[in-house]
Amino acid sequence: MSKRQVAMVMDLNKCLGCHTCSIACKTLWTRREGMQHMWWNTVNTQPGTGTPHGYEDMGGGFRGGEPQKGFRPSEDDFGKAWTFNHEEVFHGGNEDAFLHANYGEWNNGENWKGPNWDEDIGGGEFPNSYYFYLPRICNHCTHPACLEACPRKAIEKRDEDGIVLINEDRCHGYRFCQEACPYKKIYYNETLGVSQKCIFCFPRIDEGVTTACSRQCPGRLRFVGYLDDPEGPIHKLVYEHKVALPLHQEYGTQPNVFYVPPLSSTKYDEDGNPTDENRIPLEYLESLFGPDVKAALDKIEGERERVRHGETSELMDLLIARKWLDMFGPFTKHPRDVVTADPIRIIDPSEDAPQAAVQYWKGEV
Ligand code: SF4
Ligand code: SF4
Ligand code: SF4
């Protein structure tokens, strides 16, 4: 256990599936060599097989406190990076050329998988079809299976905020962490021979700036803060209002990313009339977010009703995010206001190996 724990709550009722979060993270953290295929933030469409493809069937995590066998996702499962024909279009002198992606050996289409293979396929039968988006990052778990699995002790959980980091100087690329993480949120950098993953933007957190994926989100659905801060949004949503739930808590790692489950449109009957039945099956939501989904949805519906009748609701004000900066607990500083002389910050994830370098593009995101 760390002394404190930072956490994120994502309100799935507001996610647009726009991937601004994915791009914010990509721009900031995964532009180095060997990271082309990495998307530390992904936005999966549900129902769907997620990223990497079929991760929920790849094992890992704990059951009854015992570590479970896990499989290592291949780069194919994540979806390899593709390239664009920029050179031809912009410098090739061919006026008829148009920009397109080159999927390399996956170009036959059938076998190609991308980081969101099931995008917008969804579930249900027309006119009762449905889908919703599920953004995923590393959960910075309280009981991280990745950390326990590493024989090099290259993974650590920071005491001051519970952020889980891989020390690339200690990592020898054995990839046991990939097998152990039940959320499969660790990537392997073949060029550098090390595992890499979401760092919860810790150089920003250290400076009082919220994560790039939360600050850039146009849907205003990502709350950030400390779990134990009673004035902060995380504590209120998770513990007071009890509307934010972890994904797959049965994996046993105690994740610290929580989700406000999606409300559902009503089903139509055969004559096209609306019914009282929800389109998104409750059992499906329970398979993702556990048995408390119904209570969470009922609570949100109840508060919506209060507002419709002219009453005030702290929960609705929070979820609507009227005051944007209130979403980020103590991490409200603008990136531009961070005073640092060197845009390449040398970070010190452990006392043993103070050398890992991270590009920190001050003010860009
Ligand atoms: Fe959803 Fe926000 Fe990410 Fe867009 S930026 S996909 S709204 S979480
Ligand atoms: Fe480790 Fe996976 Fe938990 Fe992240 S989500 S801390 S990689 S077990
Ligand atoms: Fe990327 Fe930071 Fe979001 Fe993690 S918290 S997914 S490192 S932007």
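**Ligand surroundings and overall fold of the predicted model**

Ligand 1 is surrounded by 14 residues, of which the closest are Cys15, Cys18, His19, Cys21 and Cys217; a residue counts as near a molecule if one of its heavy atoms lies within 4 Å of it. By class, this shell around ligand 1 holds 9 nonpolar, 4 polar and 1 charged residues. Here Ala, Val, Leu, Ile, Met, Phe, Trp, Tyr, Cys and Pro count as nonpolar, Asp, Glu, Lys and Arg as charged, and the others, Gly among them, as polar.

The model is predicted, and local features need pLDDT of at least 70, side-chain atom pairs count only at pLDDT 80 or more, and totals for chains, interfaces and linings use all residues. Residues are numbered from 1 along each chain as its sequence is written, chains are lettered from A and ligands numbered from 1 in the order in which they are written, and side-chain values use heavy atoms, with hydrogens and water left out.

The shell around ligand 3 consists of Cys25, Trp29, Trp40, Asn41, Ile137, Cys198, Ile199, Phe200, Cys201, Thr211, Ala212 and Cys213. Two or more of these residues come from each of helix 1 (20-29) and helix 7 (212-216). The shell of ligand 3 divides into 10 nonpolar and 2 polar residues, with no charged ones.

Cys18 is partly exposed, at a relative accessible area of 40%, whereas Cys25 is buried, at 11%. Buried means under 20% relative accessible area, exposed over 50%, and partly exposed in between (1.4 Å probe, protein chains only). Helix 1 is largely enclosed by the rest of the structure, because 7 of its 10 residues are buried. These are Cys21, Ser22, Ala24, Cys25, Lys26, Leu28 and Trp29. A search of the whole structure for disulfides (pairs of cysteine sulfur atoms within 2.5 Å) finds 0.

The protein has 11 helices and 18 strands, taken as DSSP runs numbered from the N terminus (helices: H or I, at least four residues; strands: E, at least two). Of its 365 residues, 51% are buried. Among contacts (heavy atoms within 4.5 Å) between residues at least 6 apart in sequence, 67% join residues at least 24 apart.

The average pLDDT, the predictor's confidence in each residue from 0 to 100, is 89, and 89% of the residues score at least 70. Over residues 341-365 pLDDT stays under 50, and the model has 61 contacts beyond four places in sequence for them. Where pLDDT is low, the predicted coordinates should not be read in detail.
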